Amino acid sequence: VDTLSRYYSQVKLKVMVVQKVPMFQEMRKDRNDSFNLAKPIIVPLMGCYLLLALVNSHSLERANDPHSGERIIVYHSADSFLRVPLHTLLPATLLNFHGLSGILLVLSSFLQKECINRNWRRLHWWNGYLCTLLMCVMVSCGFLMWPHPELSHFDLFIYVFAGPWVIWIGSVALSAKFQFWKLHRFMGNMLVKGTIAVPVARVLGAILQRAGWNDERGYYTGIASSAAIIGVWEVYDMVKQLQGQ
């Protein structure tokens, strides 16, 4: 009886300690966030998107530029059939690494959420390094392709698009290293939303282009609409986190 009593006391003490550790407090709260509530809808939809990206292939066509009337190259993406007019052909190596790292990043970021749900701390740690590496590859390859699209102001837009990813690369890693767990949870969830925002933007852009919008307008409007949707979602989660949830 004394042995069982001591064992029970030790277990109870460990549970009390864990409950008071900030990292475990944030992990416990994160399991009830909006992503996990919407996961039965988000995961199948993203799975369909990734399947399309893997089974389809990129294609190219010749078309007339609506502004100048000159013959240009139009790139059709494999994932969403989004059309991107080009000055010159995209380098195949950069395009393939950009796309593959993006697909793996979606899977890796979703795995991070599952690691928290299932308390797989060691896997979460290693997978965090993988997420950082994939972001670096995706952003670097995407940035190096900026001279090729035939889109107005794309030389400026590429900084707007790449900026959040650069911030996430540094903030997610550093907040974990210095044990700023609230910030780590906040930035990590922003990253997950970012991996959802890109497919949403590409699909919306492709839909608008098929609806009759010119390629450039559809491309930019898809991105702006996706950013607005994800932005509202992020504000909602931020308010919840500030309320201690």
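**Entry 1: Basis of the values**

I note that this is a predicted model, in which local features need pLDDT of at least 70 and side-chain atom pairs count only at pLDDT 80 or more, while totals for chains, interfaces and linings use all residues. Residues are numbered from 1 along each chain as its sequence is written, and side-chain values use heavy atoms, with hydrogens and water left out.

**Entry 2: Overall architecture**

I recorded 8 helices and 3 strands; helices (H or I, at least four residues) and strands (E, at least two) are DSSP runs, numbered from the N terminus. The elements follow the order α-α-α-β-β-β-α-α-α-α-α from the N terminus on. I then turned to contacts, which are heavy atoms within 4.5 Å. Among contacts with a separation of 6 or more, 65% come from residues 24 or more positions apart.

**Entry 3: Helices H4 and H7**

Two packed helices are described by the angle between their axes and the distance between the axes. I looked up helix H4 (residues 92-118) and helix H7 (residues 181-210), which pack at about 140 degrees with axes 9 Å apart. Here the axes are lines fitted to C-alpha atoms, for helices over the stretch in contact, and angles run from 0 to 180 degrees between N-to-C directions. The crossing of H4 and H7 is left-handed, a label given if the near helix is turned anticlockwise from the far one by less than a right angle (right-handed if clockwise).

On the H4 side I listed Leu105, Val106, Ser109, Phe110 and Lys113, which meet Asn189, Val192, Thr195 and Ile196 of H7. The residues of this contact comprise 5 nonpolar, 3 polar and 1 charged. For these classes, Ala, Val, Leu, Ile, Met, Phe, Trp, Tyr, Cys and Pro count as nonpolar, Asp, Glu, Lys and Arg as charged, and the others, Gly among them, as polar.

I also checked the span of H4. Its 27 residues, at 1.5 Å a residue, should span 39 Å, and the end C-alpha atoms are 39 Å apart, which agrees; the expected span is 1.5 Å times one less than the number of residues. Just after H4, Asn119 has a positive phi of about 60 degrees.

**Entry 4: Aromatic pairs**

How many aromatic pairs does the structure hold? I found 13. Rings of Phe, Tyr and Trp (its six-membered ring) pair if their centres lie within 6.5 Å; planes under 30 degrees apart count as stacked, over 60 as edge-to-face and the rest as tilted.

One of the pairs is Phe157 with Tyr219, which is edge-to-face at 6.4 Å centre to centre and 75 degrees between the planes. This pair links distant parts of the chain, for Phe157 lies in helix H6 (residues 154-177) and Tyr219 in helix H8 (residues 215-242), 62 residues apart. Phe157 counts as buried because its relative accessibility is 14%, and Tyr219 counts as buried at 13%. Tyr219 also forms an edge-to-face pair with Tyr220, 5.6 Å centre to centre with 75 degrees between the planes. Tyr220 has a relative accessible area of 21%, so it is partly exposed. I found one aromatic cluster formed by Phe154, Phe157, Phe161, Tyr219 and Tyr220.

**Entry 5: The loop between H5 and H6**

Trp146 is in the loop between helix H5 (121-144) and H6. With 34% relative accessible area, Trp146 is partly exposed. Not counting residues up to four places away in sequence, Trp146 touches Phe154, Asp155 and Ile158. His153 is in the loop between H5 and H6 too, and its phi is near 60 degrees, a positive value in a residue other than glycine. His153 counts as exposed at 61% relative accessibility.

**Entry 6: Two further residues**

Is Glu234 buried or exposed? I found Glu234 in helix H8, and at 11% relative accessibility it counts as buried. Its contacts, not counting residues up to four places away in sequence, are Phe186, Asn189, Met190 and Lys193. Arg62, in strand S1 (residues 59-64), counts as exposed at 55%.

Definitions and conventions: Buried < 20%, exposed > 50% of the residue type's maximum accessible area, 1.4 Å probe, protein only.
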